[in-house]
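Reader: I have a structure to go through before I set anything up. Can you walk me through it?

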Amino acid sequence: MSYKVSIVIEKDEHGCYAYCPDLEGCQTQGRSLEEAIDNIKEAIELYLETMPEDEIRSALSQEILTTTLEVRVA
């Protein structure tokens, strides 16, 4: 079965850090964006393999919306 999941990827000087907010503790990193995406996909798939189907549906039933804001600092 396939699911859509929300992930967050943060870039810094060391590469990319990725995590899935719906799955506590499901996180990884990579030297590039592509590597981080590949790694988080694998991490999510392995994480979900440990969960019963009803828990998966419950955990992934939320829709997370993100946006970028411009803020001013005085």
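**Strand, core and charges**

Author: G30 lies in strand β3, which covers residues 27-30. Bear in mind that this is a predicted model.

Reader: Ok. Is G30 buried or exposed?

Author: G30 is buried, with a relative accessible area of 9%.

Reader: What does G30 touch, if I skip residues up to four places away in sequence?

Author: Its contacts are then G15, C16, E35, A36 and N39.

Reader: And how far apart are G30 and I40, in sequence and in space?

Author: They are 10 residues apart in sequence, and their C-alpha atoms are 9.1 Å apart.

Reader: Staying with I40, what is it in contact with, leaving aside neighbours within four places in sequence?

Author: I40 is in contact with I7, A18, Y19, C20, C26, Q27 and T28. I40 also belongs to the largest nonpolar core, which has 14 residues.

Reader: Which members of that core touch the most other members?

Author: Those are L23, C26, I40, I44, L48 and M51.

Reader: Which helices and strands supply at least two residues of this core each?

Author: Strand β2 (15-19), helix α1 and helix α2 (53-59) each do. The largest share, five residues, comes from α1.

Reader: Are C16 and C20 buried or exposed?

Author: C16 is buried, at 4% relative accessible area. C20 is buried as well, at 2% relative accessibility.

Reader: Now charges. How many salt bridges are there?

Author: The count comes to two. As background, side chains of opposite charge can pair when their charged atoms come close.

Reader: What does R31 pair with, and at what distance?

Author: R31 forms a salt bridge with E35, and the closest N and O atoms are 3.6 Å apart. R31 is exposed, at 69% relative accessibility, while E35 is partly exposed, with a relative accessible area of 27%. E35 is also one of the residues that G30 touches.

Reader: And which residue does R57 bridge to?

Author: R57 forms its salt bridge with E53, with 3.5 Å between the closest N and O atoms.

Reader: Where do R57 and E53 sit relative to one another?

Author: Both are in helix α2, and because they are four residues apart there, about one helical turn separates them. R57 is partly exposed, with 47% relative accessible area, and E53 counts as partly exposed at 34%.

Reader: Last topic, the surface. Which residues make the nonpolar patch, and what is its area?

Author: I7, L33 and I37 make a nonpolar surface patch of about 210 Å². Of these, I7 is also among the contacts of I40.

Reader: Where is I37, and how exposed is it?

Author: I37 is in helix α1, which spans residues 33-49. I37 is partly exposed, with a relative accessible area of 38%.

Notes:
Residues are numbered from 1 along each chain as its sequence is written. This is a predicted model: local features need pLDDT of at least 70, side-chain atom pairs count only at pLDDT 80 or more; totals for chains, interfaces and linings use all residues. Side-chain values use heavy atoms; hydrogens and water are left out. Buried means under 20% relative accessible area, exposed over 50%, partly exposed in between (1.4 Å probe, protein chains only). Patches are made of residues with over 30% relative accessible area and no salt bridge: like charges are joined within 9 Å, nonpolar side chains (Val, Leu, Ile, Met, Phe, Trp, Tyr) within 5 Å. Accessible areas come from the Shrake-Rupley method with a 1.4 Å probe; for residues, only the protein chains shown count as cover. A salt bridge is a side-chain nitrogen of Lys or Arg within 4 Å of a carboxyl oxygen of Asp or Glu. A nonpolar core is a set of buried Ala, Val, Leu, Ile, Met, Phe, Trp, Tyr and Cys residues joined through side-chain atoms within 4.5 Å. Contact means heavy atoms within 4.5 Å.
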